[in-house]
Amino acid sequence: MIPSDHFTRFYNEVFKFLEKQGEEDLKKYWLEISKNQEKHTLELFKEKGLQGMYEYWDHIRIEENCDLDLKLEEDNLELKMNVCPSLSKVLDNDAEPMKRYCDHCAGWIGPIMDKVGYHLVYDVIDRNQPRCVVKIFKDKKKALEEEKNARLLMDWPGKK
Amino acid sequence: MIDKNPISLRYRDKGNVHMDFHGATNTTINFIIEKYGIETMNDIFKKVGNDVYADIKKHIQSGNINMLAEHWQHFFDREGADFSISIKENEIILTVKRCTAYEHVKKLVGKVSPNFCDQTIKTNEAIAEGTPYEIKTEILGEASCKQIIRKRL
């Protein structure tokens with residue numbers, strides 16, 4: 001068993017292999033992970049919208065030991081990741097970290113947001129630091145406005 | 001006797017355990033095998049064994065196989081598995097009566113990849129590769145296995 005505690009280091013090895021195959025290979029994998037994550041998120045997000053997203057990431061905050069601030073507003077949800085355990089483990093690793101490790105997160109969340117009709121603004125800030133800011137909006141105009149403030153804006157397959 | 005809070009482990013996670021990661025591992029195994037074949041999947045596990053677990057490998061290389069026992073104790077404990085570890089000179093046996101990783105995936109998706117346990121078999125083989133020891137993994141049944149590290153003959 002690769003312990004669940006070490007999943008991200010396994011993930012990192014998968015990313016490095018796929019990156020060598022090409023960008024499309026990496027994107028197809030993110031989409032596969034996104035489909036996997038639909039089991040945990042899709043119905044909740046469809047039924048409860050931003051409140052459902054808050055509930056999901058509050059659960060993740062606890063279970064994945066994240067230093068994460070969640071702020072639910074009427075028109076958006078903000079996730080401020082102060083210390084990301086996923087990238088932290090990949091950096092604290094005897095294997096070499098994949099340089100674009102952070103990209104997978106928008107790679108699976110983005111397609112789900114597109115499916116449920118919300119708009120994701122994913123600011124990774126710096127791929128070498130385990131922190132990021134994510135904002136999710138119902139209103140596309142507000143999301144586009146927020147994108148202007150991002151320091152390193154993430155993309156994902158089929159972004160709407 | 002194995003230290004249940006070893007300070008010597010390279011990776012010594014604390015806090016909560018996110019078992020759903022095993023579901024993502026199962027998805028990954030199916031994806032990689034379908035698109036690239038089983039040899040590619042095994043090569044990735046080999047990288048995990050050689051690179052991610054380089055520290056355990058280094059200890060085994062120098063004859064300290066207890067480090068693997070500490071690793072097993074720490075992480076199978078954290079995952080709430082039903083297991084036992086028997087330590088003899090030059091041989092350690094981990095018997096997993098109930099693998100919570102396998103059970104969790106079965107609960108999540110119903111059908112566990114037939115190659116799910118390759119993560120154990122192939123990663124173990126890679127950790128031992130090039131050392132005076134071998135690690136054999138015997139699948140005893142669904143969610144149950146025996147992992148044995150012993151000196152090569």
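A nonpolar core is a set of buried Ala, Val, Leu, Ile, Met, Phe, Trp, Tyr and Cys residues joined through C-beta atoms within 7 Å. A residue is buried if 20 or more other C-beta atoms lie within 10 Å of its own, exposed if 12 or fewer, and partly exposed in between, with C-beta atoms placed from the backbone. This is a predicted model: local features need pLDDT of at least 70, side-chain atom pairs count only at pLDDT 80 or more, and totals for chains, interfaces and linings use all residues. Residues are numbered from 1 along each chain as its sequence is written, and chains are lettered from A and ligands numbered from 1 in the order in which they are written.

**View 1. The largest nonpolar core has 84 residues.** The members that touch the most others are V14(A), L120(A), I136(A), I65(B), L68(B) and C99(B). V14(A) touches T28(B), I32(B) and I44(B), leaving aside residues up to four places away in sequence. Contact means that C-beta atoms, placed from the backbone, lie within 7 Å.

**View 2. Helix α2 of chain B spans residues 38–52.** Helices (H or I, at least four residues) and strands (E, at least two) are DSSP runs, numbered from the N terminus. The 15 residues of α2(B) reach 20 Å from first C-alpha to last, close to the expected 21 Å; the expected span is 1.5 Å times one less than the number of residues. Buried here are M41(B), N42(B), I44(B), F45(B), K47(B), V48(B), G49(B) and V52(B). Their cover includes α1 (7–21) of chain A, plus α1 (21–36) and α6 (118–128) of chain B.

**View 3. An open sheet in chain B has four strands.** The order is β1-β2-β4-β3, with antiparallel pairing. Strands pair if DSSP finds at least two bridges between them. β1 (82–88) and β3 (133–141) of chain B are the edge strands, each pairing on one side only. Seven bridges join β1(B) to β2(B), residues 91–98. In one of these strands, β2(B), L94(B) is the bridge partner of I85(B). Helix α4(B), residues 66–78, packs on the sheet and touches β1, β2 and β4 (144–151) of chain B. Its direction makes about 165 degrees with that of β1(B); axes are lines fitted to C-alpha atoms, for helices over the stretch in contact, and angles run from 0 to 180 degrees between N-to-C directions.

**View 4. Chain A holds five helices and four strands.** From the N terminus, the elements run α-α-β-β-α-α-β-β-α. Buried residues make up 42% of its 160 residues.

Definitions and conventions: Contact = placed C-beta atoms within 7 Å.
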